[in-house]
Amino acid sequence: MSLDLASAPPTPPPDAENGSWLACIECGETHAPFDAIRYRCDDCDGLLEVRYADLPTFEDFSGRGVWRYADALPLEAGVTISEGDTPLYRAPRLESDIGVETLRIKHEGMNPTGSFKDRGMTVGVAVARELGVDRLACASTGNTSAALAAYGSRAGVETLVLLPAGKVAAGKVAQASLHGARILEVDGNFDACLDVVQSLAAGGEAYLLNSLNPFRLEGQKTIGLEILEGFRADDGAHPDRIVLPVGNAGNTAALYKAFRELVQAGALAVDEVPKLTGVQAAGAAPMVEAVENGADAVRRWDDVETRATAIRIGNPVNAPKALPGIRETGGTAVAVADEEITTAQRDLASEGIGVEPASAASVAGLRKLRADGVVGADERVACLTTGHLLKDPDAAAAAGRDPEPVSAAVDDVLAHLESTE
C-alpha cells in the first residue's frame, strides 16, 4: 500500500464503522476497527493504520487539548487528563547560535505525566475501554510506563509494565509505581521487554499499548497539528522542517500520517509539508543506518547504549511507517554523540526550557545538520522535545552545576561569591 504524500483519499471498505477502519500498510487488507483486538494485519502481519472516510481541515477543529482534534480521531472522546496544548517556545539565543531563520521548541514535557506519551494514551486507553479489555500492558524505557499507569488508573483498568532492569530513570519508575502499575523488571533491554509483551498480547493476557498499537499513534499525530497551527498563528507560515528524537519511531510515523491526511483533505499543499528529520543517539541508531544506506528496512541492533534512556531502542517497530515519512518529505536522519546531547540539554536550560536527555537530541541533531550544511540558514524549524527534565533528575544534576558549600553567614557568602567570580 502506498504511503506517498500525494496518494488519493482512502475509499471506505464495507467493514468501516462510523467512518473509520484499519488498513494494512503492506497488503492493503482492511479490518473493522473495534470488532476484534488487532495490532497487525490478519493476512500478512503488516503494520496497521487507522483510516477515515471524512478527513477534516483546520476549520473543523475547536476546543482545547488533544480532543479538539476529535474529527481526526477514531473516537469522539477519550480517557483524558487534559493532555495536549503544549507550549511552542521561542528560543532566540539558540536560534541565533545555530543559525536558522526561525527556531521553535515544541515542549511535550509539559503534558500531565511529563511526556508526549499522554497524547497516545488518551486515545489508546479509550479504545481499550471500547474493546472491553481488563488488563493493559506495555514495554517501556520509562515514559510509556508512566503514561499508561496514569491513564490506566484513570480508567480503572489493571496496568502491567515491563522495564529493562536498571535501565530506567528513577523519576519514571516512581510515576508508574505511584499510579498503581504492576512493574516487572526484565533481565534484558527494551526490545526484549517488547518481545515479551507482544507474546502476552498475542495470548490474550493483556491489551498492548506500545506504539505498535495503531490507535496510540492517532493521539500522537496531534503534535503535528499543534505545531502547524502554532506556526500559522505565530509566523503566518508553516515550518520548513520538524526535527524530532527517534526511539520506536512512533512520532515520526504519526506526524507523517497527520500531514498526509491534511494533504488528502486539501488543507495542506504537498510543498508545505515539513521535512521530517529524525535524530538518534550514536549508540542506538538503527534508523539512521537505514536512511544513510537507502535501506527499506531497519537492521535490529541487539546492543544499544546511550545516556538518553528514552531512545535506547535497537529495533524501532514503526520503521516501516517512519522511513517513508522521512523520505517522502525530503527529510533525513542523523546520529549524535551523548556529549552533544548533554550540550544541547544545557543550551535548552539556558533558555529556561528543561528537558530530559532524549529530548535534547533534537536540538543536538539540528546543530549538527546546520553545521554540515544540510539545514539552510533560511529555514523555519521546530524541534520536538519529548520529556520533562524531572523525568531523569540524575541526568539533569550531572549536566548542571554542582552545589557550593558555604557557611550560614552573609560575610562568608559574599566572600565566597567574590572568590569564585
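In the predicted model, Glu226 is buried, with a relative accessible area of 9%. Its salt-bridge partner is Arg119, and the closest N and O atoms of the two residues are 2.8 Å apart. Glu226 belongs to helix 7 (residues 222-235) and Arg119 to helix 2 (residues 117-131), so the pair ties together parts that are 107 residues apart in sequence. Arg119 is likewise classed as buried, at 0% relative accessibility.

The count of salt bridges comes to 30. One of them joins Arg135 to Glu205, with the closest N and O atoms 4.0 Å apart. Arg135 is located in strand 6 (residues 135-139), whereas Glu205 is located in the loop between helix 5 (190-202) and strand 9 (207-208); the pair therefore ties together parts that are 70 residues apart in sequence. Arg135 counts as partly exposed at 25% relative accessibility, and Glu205 counts as partly exposed at 45%. A further salt bridge, with an N to O distance of 2.7 Å, is formed by the side chains of Arg367 and Asp347. Here Arg367 is part of helix 12 (residues 357-371) and Asp347 is part of helix 11 (residues 338-350), so the parts tied together are 20 residues apart in sequence. Arg367 is partly exposed, its relative accessibility being 28%. Salt bridges also link Arg90, Glu95, Arg104 and Asp234 in a network.

Arg312 is found in the loop between helix 9 (286-293) and helix 10 (319-328). Its relative accessibility is 12%, and Arg312 therefore counts as buried, the cut-off for this class being under 20%. The side chain of Arg312 makes a polar contact of 3.1 Å with the side chain of Glu305. A polar atom of the Arg312 side chain also lies 2.9 Å from the backbone oxygen of Thr306. When neighbours within four places in sequence are left aside, the residues in contact with Arg312 are Thr141, Lys167, Phe190, Ala284, Val304, Glu305 and Thr306.

An open sheet of 3 strands shows antiparallel pairing in the order 2-1-3. Strand 2 and strand 3 are the edge strands, each pairing on one side only. Strand 1 (residues 20-24) and strand 3 run antiparallel and are joined by 5 bridges. Within this pairing, Cys24 has Leu48 of strand 3 as its bridge partner.

Most residues other than glycine have a negative phi. Against this background, two loop residues are described here. Asp45, in the loop between strand 2 (30-31) and strand 3 (48-52), has a positive phi near 70°. Asp45 is partly exposed, with a relative accessible area of 48%. Ala249 also has a positive phi, near 70°, and is placed in the loop between strand 10 (241-245) and helix 8 (250-265). In contrast to Asp45, which is partly exposed, Ala249 counts as buried, at 2% relative accessibility.

On the surface, a nonpolar patch is formed by Val406, Val410, Val413, Leu414 and Leu417, which together have about 430 Å² of accessible area. Val413, one of the patch residues, is in helix 14 (residues 410-419). The relative accessible area of Val413 is 33%, and this residue is partly exposed.

Methods. Residues are numbered from 1 along each chain as its sequence is written. This is a predicted model: local features need pLDDT of at least 70, side-chain atom pairs count only at pLDDT 80 or more; totals for chains, interfaces and linings use all residues. Side-chain values use heavy atoms; hydrogens and water are left out. Helices (H or I, at least four residues) and strands (E, at least two) are DSSP runs, numbered from the N terminus. Buried means under 20% relative accessible area, exposed over 50%, partly exposed in between (1.4 Å probe, protein chains only). A polar contact is a pair of N or O atoms within 3.5 Å; within protein, one must be able to donate a hydrogen and the other to accept it, and residues adjacent in sequence count only if both atoms are side-chain atoms. Contact means heavy atoms within 4.5 Å. Patches are made of residues with over 30% relative accessible area and no salt bridge: like charges are joined within 9 Å, nonpolar side chains (Val, Leu, Ile, Met, Phe, Trp, Tyr) within 5 Å. Accessible areas come from the Shrake-Rupley method with a 1.4 Å probe; for residues, only the protein chains shown count as cover. Two strands pair if DSSP finds at least two bridges between them.
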